[in-house]
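Student: Could we go through this model together? I would like to begin with a term and then move to the details.

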Amino acid sequence: MAVWNPDNIKDVAESIGIASLNDDVLQPLSSDIEYRVSQVLEEALKFMRHSKRMTLSTQDVAQALRVLDIEPLYGYESTRPLRYGEASIGPGQPLFYVEDEEVDFEKLINAPLPKVPREISLTAHWLAVEGVQPSIPQNPTLADSRNQELVPKGPGANPNLAAISGADNVTTKPLVKHVLSRELQLYFSSVCNAVLDENNEEYRVAALASIRTDPGLHQLIPYFVNFIAEKVTHGLKDLFVLTQTMHIASALLDNKNLFIDPYVGAIIPPVLTCLVGRHLGSSPEPLSHHPLRNIAAALLGSISKKFAKSSHTLKPRLVRTCLRHFLDPTKPLGANYGGIIGLQVIGGTEVVRAAILPNVKQYESLLREPLEDEGSPKQLEAEAVLTALIGALQLLEEDTLGGMKEMTNGNGHNGIDSPALEEKVGPLVASRVLSMGRPKFVKALLEA
């Protein structure tokens, strides 16, 4: 005798349009249904035991149906025990239904509202750099993964339970320290102290040579970059410290064993500070900061040549920054000098022709007053700026086709269109160019 009631089979048959079902068919169908149900329950019990649970859940039955390649049941899971109510629709015909959960409106009204979600935005960040995950707020930490395990899961989980219980406080992430070996820590401190040692040049040379050639400094790159930025930020009055930081940056870029691309954006700001900074050093000598600016310009030119292909916006941004400091009348002459030599090394002849030459005539008006102040520090700075300006313009001479013979008289201007040159670059720069006695240079300026 089958356990499954044949009357249930008749009810299902009638619901799908089969009015009369032969009694000889009911018995085999009952046996088959009983076998199928027991098969599903056995598989579901296996999932329950493997889950170390003593209560069978709907998820276990769904997994069992999936294993047996049977269409799953569709509906909603419930994380609470189901309560069934009974209703009578006639004599001997009970109807069972799932009772709805009663909600206390007073508790629901008095419960704190959930936090307003933030607007959707997209940002890019480094997920991993050379296999090491940076400790930034965007990246998950071990504490986050542990906390995530405690969050209610499943379609029936109520997201407002945390707010109702008051457990929705935002937890701050602990600071993750970069793990360095003891040897690397000692190496970093020793190299930094040696580079900043003013009394021992041999140590400084050896430390920079080690940075330039050592292949095992990958983990120390962010520390060196942070060291450079910190020393430049807090040591603007010390030319020696600024110069040594530029040497460290140059040594890092010269090391062929290091992958510097992710750190170029952090290296450029200190270099630009040493190139176009307003006041560098505390020496009374007016030109004491020019060697530092020359080192920074050479370093910036090396960066633009090495990383221009990987970052197409790098060179235009550097050119705009240097051009702004070159043409700004509120900047000191030292910053103008840095802008000129920066433009010269970043883009060469192309940038000189497009950015410097059209602005020479306008800029020379800023040099007239300092040049007329005989014997003053500003006159020396103005002379240095004018020399740098003419030096940058000389790059145009290399691109001139068809040379001319140099004039034998250095002060002669035979065959030179002086008014046209003055109109092009201004009388001050034109007089300096003509006094050099180089017709090819003049021709290059007129044809550019």
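Tutor: A polar contact is a pair of N or O atoms within 3.5 Å; within protein, one must be able to donate a hydrogen and the other to accept it, and residues adjacent in sequence count only if both atoms are side-chain atoms. At the start of helix H8, a side-chain oxygen of Asn200 lies within 3.3 Å of the backbone nitrogen of Glu202. Helices (H or I, at least four residues) and strands (E, at least two) are DSSP runs, numbered from the N terminus.

Student: What kind of model is this, and which pLDDT limits apply?

Tutor: This is a predicted model, in which local features need pLDDT of at least 70 and side-chain atom pairs count only at pLDDT 80 or more, while totals for chains, interfaces and linings use all residues. Residues are numbered from 1 along each chain as its sequence is written, and side-chain values use heavy atoms, with hydrogens and water left out.

Student: How many helices and strands does the chain have?

Tutor: There are 21 helices and 2 strands in the chain. Of its 448 residues, 33% are buried; buried means under 20% relative accessible area, exposed over 50%, and partly exposed in between (1.4 Å probe, protein chains only).

Student: And how much of the contacts with a separation of 6 or more comes from residues 24 or more positions apart?

Tutor: Such pairs account for 65% of those contacts, where contact means heavy atoms within 4.5 Å.

Student: Back to H8, then. What are its length and reach?

Tutor: Helix H8 covers residues 201–213, which is 13 residues, and spans 18 Å from its first C-alpha to its last. That is close to the 18 Å expected at 1.5 Å a residue, the expected span being 1.5 Å times one less than the number of residues.

Student: Which of its residues are buried?

Tutor: The buried residues of H8 are Arg204, Ala207, Leu208 and Ile211. Seen down the axis of H8, they fall within an arc of 95 degrees, so they line one face of the helix. The arc is that of the directions from the helix axis to the C-beta atoms.

Student: Why would that spacing give a face?

Tutor: An α-helix has 3.6 residues a turn, so residues three or four places apart point the same way.

Student: What covers that face, and what is on the other side?

Tutor: The cover over the buried residues of H8 includes helices H7 (182–195), H9 (221–234) and H10 (239–254). On the other side, Glu202, Val205 and Thr213 are exposed.

Student: Which residues touch the most other members of the largest nonpolar core?

Tutor: They are Phe224 and Leu393, in a core of 88 residues. Helix H14 (residues 333–356) supplies the largest share of this core, 10 residues. A nonpolar core is a set of buried Ala, Val, Leu, Ile, Met, Phe, Trp, Tyr and Cys residues joined through side-chain atoms within 4.5 Å.

Student: What does Phe224 touch?

Tutor: Leaving out residues up to four places away in sequence, Phe224 touches Tyr187, Phe188, Val191, Cys192, Ile211, Ile248 and Leu252. Ile211 is also one of the buried residues of H8.

Student: New topic: how many salt bridges are there?

Tutor: The structure holds 8 salt bridges, each defined as a side-chain nitrogen of Lys or Arg within 4 Å of a carboxyl oxygen of Asp or Glu. One of them joins Arg212 and Asp254, whose closest N and O atoms are 3.5 Å apart. This pair links distant parts of the chain, with Arg212 in helix H8 and Asp254 in helix H10, 42 residues apart.

Student: Are those two buried, partly exposed or exposed?

Tutor: Arg212 is partly exposed at 31% relative accessibility, and Asp254 is partly exposed at 37%.

Student: What does Glu383 pair with?

Tutor: Glu383 forms a salt bridge with Arg432, the closest N and O atoms being 3.1 Å apart. Glu383 lies in helix H17 (residues 377–393) and Arg432 in helix H20 (residues 427–435), so the pair ties together parts that are 49 residues apart in sequence.

Student: Last one: which phi value does Lys52 have, and where is it found?

Tutor: Lys52 has a positive phi of about 60 degrees although it is not a glycine. Lys52 is found in the loop between helix H2 (23–50) and helix H3 (58–67), and at 75% relative accessibility Lys52 counts as exposed.
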